Amino acid sequence: MKMRAFVTASLFVLSLVVAAQVVKADDPMLVNIPFAFVAGNVTLPAGEYRVQKLDGGSAVLLISCADSSVSTMVLSNTAEAREIQTQSKLVFKRYESRYFLAQVWKAGSSRGRQLLKSHAEKEIAQSALLETTGEVTVIARLTPAH
């Protein structure tokens, strides 16, 4: 009987820890992006941005400027890394002088979000003969839950 109570209590504590990690995984990220970039079909100016899922199970990311001057919502797919990410980050594809948001990763997880390529990015990639001139990573920080 004592063993059953111990196992039940242990499972309860474990579920609390897992639930806390799930909540933490949905915390928004703040990131300072030093260049104009395209997210979905919208070109956004350089600045500080808040990036978060629209809700816990959503494929929609909300990207909003910290000063509330501009925001957009973009569709994304789940992305899987080979290892757990050590830093929260945004990954951009660079074609000449244009940057397209491609991926969003959070520290402590091997799962991230892969943005769908916009019509403009597909067009530029084709005109550049599918040669991406680079990939740029910008480090983000998680914001505390309010």
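Is phenylalanine 100 buried or exposed? Phenylalanine 100 is buried, with a relative accessible area of 1%; buried means under 20%, exposed over 50% and partly exposed in between, with a 1.4 Å probe and protein chains only.

## Basis of the model

This is a predicted model, in which local features need pLDDT of at least 70 and side-chain atom pairs count only at pLDDT 80 or more, while totals for chains, interfaces and linings use all residues. Residues are numbered from 1 along each chain as its sequence is written, and side-chain values use heavy atoms, leaving out hydrogens and water.

## Overall make-up

The protein holds two helices and 11 strands. Helices (H or I, at least four residues) and strands (E, at least two) are DSSP runs, numbered from the N terminus. In order from the N terminus, the elements run α-β-β-β-β-β-β-β-β-β-α-β-β.

Of the 146 residues, 34% count as buried. Among contacts with a separation of 6 or more, 56% come from residues 24 or more positions apart; a contact means heavy atoms within 4.5 Å. The protein exposes about 9200 Å², and carbon and sulfur atoms supply 57% of this area, computed by the Shrake-Rupley method with a 1.4 Å probe.

## Strands around E6

Strand E6 (residues 71-80) runs antiparallel to strand E5 (residues 60-65), and five bridges join them. Two strands pair if DSSP finds at least two bridges between them. Isoleucine 63 has threonine 72 of E6 as its bridge partner. The hairpin of E5 and E6 has five residues between the strands, and serine 68 there takes a positive phi near 65 degrees.

E6 also pairs with strand E9 (residues 111-115), in the antiparallel sense and over five bridges. Here the bridge partner of threonine 78 is arginine 113 in E9.

## Aromatic rings

The structure holds five aromatic pairs. Rings of Phe, Tyr and Trp (its six-membered ring) pair if their centres lie within 6.5 Å; planes under 30 degrees apart count as stacked, over 60 as edge-to-face and the rest as tilted. One of the pairs is phenylalanine 37 with tyrosine 49, edge-to-face at 5.2 Å centre to centre and 80 degrees between the planes. Phenylalanine 37 lies in strand E2 (residues 37-39) and tyrosine 49 in strand E4 (residues 47-53), so this pair ties together parts that are 12 residues apart in sequence. Phenylalanine 37 is buried at a relative accessible area of 1%, and tyrosine 49 is buried at 0%.

The rings of tyrosine 95 and phenylalanine 100 have centres 5.7 Å apart and planes at 75 degrees, so this pair is edge-to-face. Tyrosine 95 is buried, with a relative accessible area of 4%. Phe35, Phe37, Tyr49, Phe92 and Tyr99 form one aromatic cluster.
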